[in-house]
Amino acid sequence: MSRFKIQPEREETAVVFVGQFAPEQFHPQWFAANELIGAADAKNATVYGVTPTVTRFEISSMTITVEQKRFMVAASVFSEAAFDLTLNVFETVLPDRKSVV
């Protein structure tokens, strides 16, 4: 039992990596081509922008935001999928990169 009596209004998950990134690389089709998300998720993604300075899109219950110095996957609830997606990007697809530029 928690010793806190405060109940959060909402629960969120965010996984953040700080480094050097090329945001325009990280669009939904890149994630699909690298088998990180399904083709249907990539096709149905809500894309807010893909530019050299920031990329932001939503798939399922996750929001992916990549800026030049930050990579973030956020979910509106606690989500192991957010952790898995982030780890697969950096451990499987880009394992030898100290920075992604």
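A salt bridge is a side-chain nitrogen of Lys or Arg within 4 Å of a carboxyl oxygen of Asp or Glu. The views below show a predicted model, in which local features need pLDDT of at least 70 and side-chain atom pairs count only at pLDDT 80 or more, while totals for chains, interfaces and linings use all residues. Residues are numbered from 1 along each chain as its sequence is written, and side-chain values use heavy atoms, with hydrogens and water left out.

**View 1. R70 and E67 form a salt bridge.** The closest N and O atoms are 3.2 Å apart. A search of the whole structure finds 1 salt bridge. R70 is partly exposed, at 27% relative accessible area. E67 is partly exposed too, at 29%. (Buried means under 20% relative accessible area, exposed over 50%, partly exposed in between, with a 1.4 Å probe and protein chains only.)

**View 2. Five strands make an open sheet.** The order is β1-β5-β4-β3-β2, with antiparallel pairing. Strands β1 (13-18) and β2 (46-50) are the edges, and each pairs on one side only. (Strands are DSSP runs of E, at least two residues, and helices are runs of H or I, at least four, both numbered from the N terminus; two strands pair if DSSP finds at least two bridges between them.)

**View 3. Strands β4 and β5 pair in the antiparallel sense.** Strand β4 covers residues 62-67 and β5 covers residues 70-75, with 6 bridges between them. V66 has F71 of β5 as its bridge partner. T65 lies in β4. T65 is buried, at 7% relative accessibility. Leaving out residues up to four places away in sequence, T65 touches V54, T55, R56, R70, F71 and M72. (Contact means heavy atoms within 4.5 Å.)

**View 4. F21 and F71 form one of the 9 aromatic pairs.** (Rings of Phe, Tyr and Trp, the last by its six-membered ring, pair if their centres lie within 6.5 Å; planes under 30 degrees apart count as stacked, over 60 as edge-to-face and the rest as tilted.) This pair is tilted, at 6.1 Å centre to centre and 45° between the planes. F21 lies in the loop between β1 and α1 (28-33) and F71 in strand β5, so the pair ties together parts 50 residues apart in sequence. F21 is buried at 7%, and F71 is buried at 0%.

**View 5. W30 and F31 form an edge-to-face pair.** The centres are 5.0 Å apart, with 85° between the planes. W30 is buried at 12% relative accessibility, and F31 is buried at 0%.
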